[in-house]
Amino acid sequence: MHEFKYKDNQLYCEGLKVENLAQTFGTPLYVYSYETLTGHYLRLKEAFQGVNPLICYSVKANSNLALLKALVKLGAGLDIVSGGELERAHRAGCPSRKIVYASVGKTDQEISAALTSGILFFNVESLAELANINRIAGSKGVNCRVAIRINPDVEAKTHKFITTGKITNKFGIDLNRAYQILLLRKKFENVSICGLHIHIGSQITTAEPFVGAIKKVTSFINKLKLKGIILEYLNIGGGLGIIYDRETPQTASKYAQKILPLLRATGLKIIMEPGRFIAGNSGILVAKVLYIKPTPKKKFIIVDAGMNDLVRPALYGAYHQILPLKGKARGKGKEELADVVGPICESGDFLAKHRLVAKVKEGEYIAVFGAGAYGFSMSSNYNSRMRAAEVLVHKNKVFIIRKRETFSDLIRNEVIPDFLKGKK
Ligand code: LLP
């Protein structure tokens, strides 16, 4: 479900014509729908109301402060992975008790800042990290909670770069080691192990891998109970897939039907960390067609958005639907086979390869769908390109939520040493 729809051969975001937004704000432009973003959050909350979970939106998917604030205002918590995301969570007004912190490489400064802020818990990814958190908490004279991130060794059936729950991945702790750590828990006197965490990967379109992972941790929880180890939280991570192409992912309620009984049986408080499910289809990337370039072998549609704006196609070979802003609704107009490429000096700079796309002319605009998650948040300044502007549409109103970068943003932190200054 999303609020990007064609009316009279024009793409609208909620009540506004996207072409007008492109003309007003320029391109490349990220356009988000408030209704879609918050609707996904509310739908998930409703589907899982049987266990009343704390839904900690995964900041890395799209960390724009306005979007974070929109979700936090509805009661969402946040899943963070760095000191920068901790700051963002604070700026968005997220109560510390609704923040969970994962990452295999938390630095001393980051741990210390999170302890000062009093987050709900750390998702701990190794014994060494646990010892370090314990040491830093001790030095600050505080106690803190952690959940052990379990690597359940399950196949998530997604792209190998976004699989995280196989034993060959760097994430989490295998069940045997986790068991040993829990037996030794009293050694870490400044830390209380209050739960378990799993996150097996991203863009997972069936419930089966989640079910497999949750079953494994459930029997682990039972094994711990026999040893008198009682936990309070189960954090089931994120990973719910969305529709980019012809995927048929389970809806929030189908997913809930499959895993709710398992979650209830644990008797633990449930935390979820969805990113893509909430943000993915709530944003599009709008670009302008610069040139049409026929070559002996193929046709290139050269647009003003590149891999620095949206890296997913280049990095994962990811599919994003591309449609013109003006034209017939999907698949009903004239199409041609082409590569849709950006201006970056890399052959890997493409948004679509060998794709049947609607015929477009120079000067017209296209929309790249499903760009709300891991779009702007993974963008860069490569080729000294200014990062795109972001706007949020709410009904018939549009709000700029990130200004387009300027040249001074680009060089703000660069310094020319004195010995290089002067004419010669
Ligand atoms: N929790 C943890 C611990 C995570 O590492 C992630 C994502 C999430 C939650 C949210 O996952 P989601 O619900 O969005 O699937 N850049 C890749 C995706 C990387 C995901 C990294 N971790 C992409 O563009 O597909």
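Modeller: Start with how helix angles are taken. Axes are lines fitted to C-alpha atoms over the stretch in contact, and angles run from 0 to 180 degrees between N-to-C directions. Keep in mind that this is a predicted model. Here, helix H2 (residues 34-47) and helix H9 (residues 252-266) have axes that come within 9 Å and cross at roughly 30°.

Biologist: Why is H2 called roughly parallel to H9?

Modeller: Angles under 35 degrees count as roughly parallel. The H2 and H9 axes cross at roughly 30°, so H2 is roughly parallel to H9. The crossing in which H2 passes H9 is right-handed.

Biologist: How is helix H7 set against helix H8?

Modeller: H7 (residues 175-183) and H8 (residues 208-226) pack at about 30°, and their axes are 12 Å apart. The cut-off is 35 degrees, so H7 is roughly parallel to H8. Their crossing is right-handed.

Biologist: Now the empty space. How do you know where it is left?

Modeller: A probe the size of a water molecule is rolled over the atoms, and this shows where space stays empty. In a cavity the probe fits but cannot get out, while a pocket is open. The search of the whole structure finds three cavities of 30 Å³ or more. The largest cavity holds about 60 Å³ of space.

Biologist: Which residues line the largest cavity?

Modeller: The lining is Ile301, Ile322, Leu323, Pro324, Val340, Val357, Ala358, Val360 and Ile366. Strand E15 (322-324) and strand E17 (350-358) each give two or more residues. The largest share, three residues, comes from E15.

Biologist: What makes the residues of that lining nonpolar?

Modeller: Ala, Val, Leu, Ile and Pro are among the types that count as nonpolar. By class, the lining of the largest cavity has nine nonpolar, no polar and no charged residues.

Biologist: What volume does the largest pocket have, and which residues lie closest to its centre?

Modeller: The largest pocket holds about 670 Å³ of space. It is lined by 29 residues, and the closest to its centre are Lys60, Thr164, Phe171, His199 and Tyr374. By class, the lining has 10 nonpolar, 11 polar and eight charged residues. Helix H11 (residues 312-316) gives the largest share, three residues.

Biologist: Which domains does the lining of the largest pocket draw on?

Modeller: At least three residues come from each of domain 1 (4-31 + 280-411) and domain 2 (34-276).

Biologist: Where is a cis peptide bond?

Modeller: The bond from Thr27 to Pro28 is cis, with omega near -5°. Pro28 sits in the loop between helix H1 (18-25) and strand E4 (29-33).

Terms used:
Residues are numbered from 1 along each chain as its sequence is written. This is a predicted model: local features need pLDDT of at least 70, side-chain atom pairs count only at pLDDT 80 or more; totals for chains, interfaces and linings use all residues. Side-chain values use heavy atoms; hydrogens and water are left out. On a 1 Å grid over the protein atoms alone, a cavity is a set of points where a 1.4 Å probe fits but cannot get out, and a pocket is an open set with protein on both sides within 12 Å along at least five of seven lines; lining residues have an atom within 4 Å of a point. Grid points are joined across faces, edges and corners, and a volume is the space filled by probe spheres set on the points. Helices (H or I, at least four residues) and strands (E, at least two) are DSSP runs, numbered from the N terminus. Domain bounds come from an automatic or database domain assignment. Angles under 35 degrees count as roughly parallel, over 145 as roughly antiparallel, 65 to 115 as roughly perpendicular and the rest as oblique. A crossing is left-handed if the near helix is turned anticlockwise from the far one by less than a right angle, and right-handed if clockwise.
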